[in-house]
Amino acid sequence: ETSANLTIRDSKLNNLLLGTNAESRSTNSGNTNFDLKVIVKNCEIAEKIKINSKAKLNIAGEKTKIAKIVVAVAAEVCKILCTTEVDTKKIENVITDENGEKPEEIKITQAYKITYHSNCDELEDIEDFFSPDDGTISLPTDIFKRNGYIFAGWYYDNNQAVEDSINVSDKTADINVYAKWESKFYSYTSKIGN
């Protein structure tokens, strides 16, 4: 099994295939070999996005235009999130199954943004998206690598520490968390001192 995170932004594409092509799919395992989390932001997809695998598709940015989304998997393995800049009704209207019919069981969910601020000029901040029905989201600990420093956890902007996860079931706004860093040299000398 394979999982992947992918962000596509500020692009113009004819087609976007999420998963594998029809010839390479196994009939025994279905078409859920790949577990994908894809962000499409400020993009124009001229023909279609085809979802052939277990996928969480995040649609963001007011410039995003999608001609068609073809869902070629069972509804329970496909999740589509839209940020507040995106008209969810327009997205619902372009979703079809492989027969061209509307798969009404596919749920379009309102999404909110979580931004991981690196707190370091050399590293870019990273965006992701969540919905309240995600329940609890785990915060990554390995998305930033900084020479000479050890990642020491996430904090809110008021310096309140964040646990390893956040319960988002009642969140209806964007979230910002900030990386805290400790010097490797400081950490090493502290251990020697002990």
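## Basis

Residues are numbered from 1 along each chain as its sequence is written, and side-chain values use heavy atoms, with hydrogens and water left out. The model is predicted: local features need pLDDT of at least 70, side-chain atom pairs count only at pLDDT 80 or more, and totals for chains, interfaces and linings use all residues.

## Strand E4 and its partners

Strands here are DSSP runs of E with at least two residues, numbered from the N terminus. Two strands pair if DSSP finds at least two bridges between them. Strand E4 (residues 44-51) runs parallel to strand E2 (residues 12-18), and six bridges join them. Lys12 stands opposite Glu44 of E4.

E4 also pairs with strand E6 (residues 65-66), again parallel, through two bridges. Here Glu44 faces Lys65 in E6. Three bridges link E4 to strand E7 (residues 69-71) in the parallel sense. Ile51 has Val71 of E7 as its bridge partner.

Ser53 sits in the loop between E4 and strand E5 (54-60). Its relative accessibility is 1%, so Ser53 counts as buried. The classes are buried under 20% relative accessible area, exposed over 50% and partly exposed in between, with a 1.4 Å probe and protein chains only.

The Ser53 side chain reaches the backbone oxygen of Leu18 at 3.4 Å.

## An open four-strand sheet

An open sheet of four strands has the order E12-E11-E16-E14, and its pairing is mixed. E12 and strand E14 (149-155) are the edges; each has a single partner strand, so one side of each is left without a neighbour in the sheet. The twist averages 25° from one strand to the next. For such angles, axes are lines fitted to C-alpha atoms, and values run from 0 to 180 degrees between N-to-C directions.

E11 and E12 are antiparallel, with five bridges. Tyr112 stands opposite Phe130 in E12.

## Two pockets

A pocket is found on a 1 Å grid over the protein atoms alone: it is an open set of points where a 1.4 Å probe fits, with protein on both sides within 12 Å along at least five of seven lines, and lining residues have an atom within 4 Å of a point. A volume is the space filled by probe spheres set on the points, which are joined across faces, edges and corners. The largest pocket holds about 390 Å³. Its lining has 19 residues, of which Asn5, Lys37, Tyr116, Asp128 and Pro140 are the closest to the centre. E12 gives the most to this lining, with five residues. By class, the lining of the largest pocket has ten nonpolar, four polar and five charged residues. Ala, Val, Leu, Ile, Met, Phe, Trp, Tyr, Cys and Pro count as nonpolar, Asp, Glu, Lys and Arg as charged, and the others, Gly among them, as polar.

The second largest pocket has a volume of about 200 Å³. Asp35, Leu36, Lys37, Lys54 and Lys56 are the closest to its centre among 13 lining residues. E1, E3, E5 and strand E8 (78-82) each give two or more residues to this lining. It divides into five nonpolar, two polar and six charged residues.

## Positive phi in two loops

Asp10 is not a glycine, yet has a positive phi of about 50°. Asp10 lies in the loop between E1 and E2. At 58% relative accessibility, Asp10 counts as exposed.

Asn119 is another non-glycine residue with positive phi, near 55°. Asn119 belongs to the loop between E11 and E12. Its relative accessibility is 48%, so Asn119 counts as partly exposed.

Note on methods
Polar contact = N/O pair within 3.5 Å; in protein donor to acceptor, adjacent residues only side chain to side chain.
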